[in-house]
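Student: I am new to this structure. Could you take me through one part of it closely and tell me what surrounds it?

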Amino acid sequence: MDKFTNSAWFMRIVAFALAALLFISINFEMESDKKSLGLSTAPEISTETIENVPVEVYYDRENLVVSGVPETVDVTLKGAKSLLINAKNQRDFKVYVDLSDPAISMGDRTVTFKISDLNEKLVATIDPEYAEVNVQERVTKEFSVEAEYNSSLLEEGYTAGQPTVSPKTVKITGAKDAIEQISYVKANLEISKGLNETVNSKATVKALDRDLNKLDVTIEPSSVAVSLKVSIPSKTVSIAPKQTGKAKDGIRITSISVDPKEVTLFGSETSLEKIDEINLPVNISKIDGDTELELDLNKPDSVQKMSLGKAKVKIRTEKVDVDEENAEPVVEEEEPETEQKQEEQVVEEKPEPEEEDEAAAIESKTFNNIQIVPVGIRDDQDAELESDVTSITLLGEADDLKKITKDDINLTVDVSNLDEGTHDVDLAVTVPEGVEWELDSKTVSVTITQKDEET
């Protein structure tokens, strides 16, 4: 054994083995150190574009307004693929614009986008690289809101009043230049075609310049309550039964009456002006005696609707002999009368035509849709009438009635001594002398409310 170990070749072999082992050990440690430093085998370099990365803006939000900064940018990253994948999935980096310097001046400026919280082994490129921004003083101002709607969407014949808004004013905050450009503050009420009823809804408020361009401002509140009262003109006319057909033999029609006597029509004012009554045809050809019928009322094409669709008709009859009904009147010969009797007969018959002439001279004339005007409204109150129009019938001589127009009739209601709430108030009527008047109702319901105090 000693001879083997003292051999020169043995020593060479051992030395070689130890050298190889040392080389392997040192190389292994170096590779290990490289891996720990990320310097192992050359990594695969890639690029990755991340789109729509949000942009944060740092500035004095209490006193300044900054515009022109895009909401998002695209970021292209370059580096090891493993790091790119992690950055894309986590998105834990931020893109921002820094305008937080208290000494920053107002006006237009060019700012560069910056990136933070990104792995230092990645290189980032931002598209766009910079933005043209505008820095303005932050201003808050109060504006009145005007509601609007598309009147062409109302159903035919219907009308709408002025829409009311609550609250009536809003506070608008924005750049001083933008606030100075505000010409209109609108709340557009969205309605559908064929609107025929009152609308109570929410509407978004918009601030517009004089060219109706929407301005980039903050509005508080952003929406308001809008009420739009929709109604339709009405007119009450009489129902006129019209006899049609021929009565049966032996039957004579003595009277035809209708219940109710009037019907209310709804439609455009121009259409209603042309209608004074509704004809109700009554066919008497099948009537055998006293009869009550329920007949349909024919709605004129120009009318939107009627307050009722049927009316009851009462027919009164009497039976007569067929020969008597068809016979020619027989003139019987009478003994000549003395002059004294003839004079007596003439005297007796004279008053009758006079009474008929006197009765015929008194006629009636009905005026519809006469405006009721409230008087005595206090400055701090509003007065709303349940109905601001009514019908009035004038009685007088025919010649006098012909000269009277709507302008000669005044209907007023005195609200000067009314407190807040709803009241029934007597109507005051003024008509030309020599005629009398009749109203369906001599009172009208009036609601008194307090006006909102102006801020």
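Tutor: Gln304 counts as partly exposed because its relative accessibility is 26%; buried would be under 20% relative accessible area and exposed over 50%, with partly exposed in between (1.4 Å probe, protein chains only). This is a predicted model, where local features need pLDDT of at least 70 and side-chain atom pairs count only at pLDDT 80 or more, while totals for chains, interfaces and linings use all residues. Residues are numbered from 1 along each chain as its sequence is written, and side-chain values use heavy atoms, with hydrogens and water left out.

Now to the place of Gln304 in the chain. Gln304 sits in the loop between β22 (291–296) and β23 (305–306); strands are DSSP runs of E, at least two residues, numbered from the N terminus. Leaving aside residues up to four places away in sequence, Gln304 touches Glu155, Glu156, Gly157, Tyr158, Ile232, Phe266, Gly267 and Lys299, where contact means heavy atoms within 4.5 Å. One of these, Tyr158, is 146 residues away along the chain, yet its C-alpha atom and that of Gln304 are separated by 9.0 Å. Another neighbour, Glu156, has its backbone oxygen 2.9 Å from a polar atom of the Gln304 side chain.

Conventions: Helices (H or I, at least four residues) and strands (E, at least two) are DSSP runs, numbered from the N terminus. A polar contact is a pair of N or O atoms within 3.5 Å; within protein, one must be able to donate a hydrogen and the other to accept it, and residues adjacent in sequence count only if both atoms are side-chain atoms.
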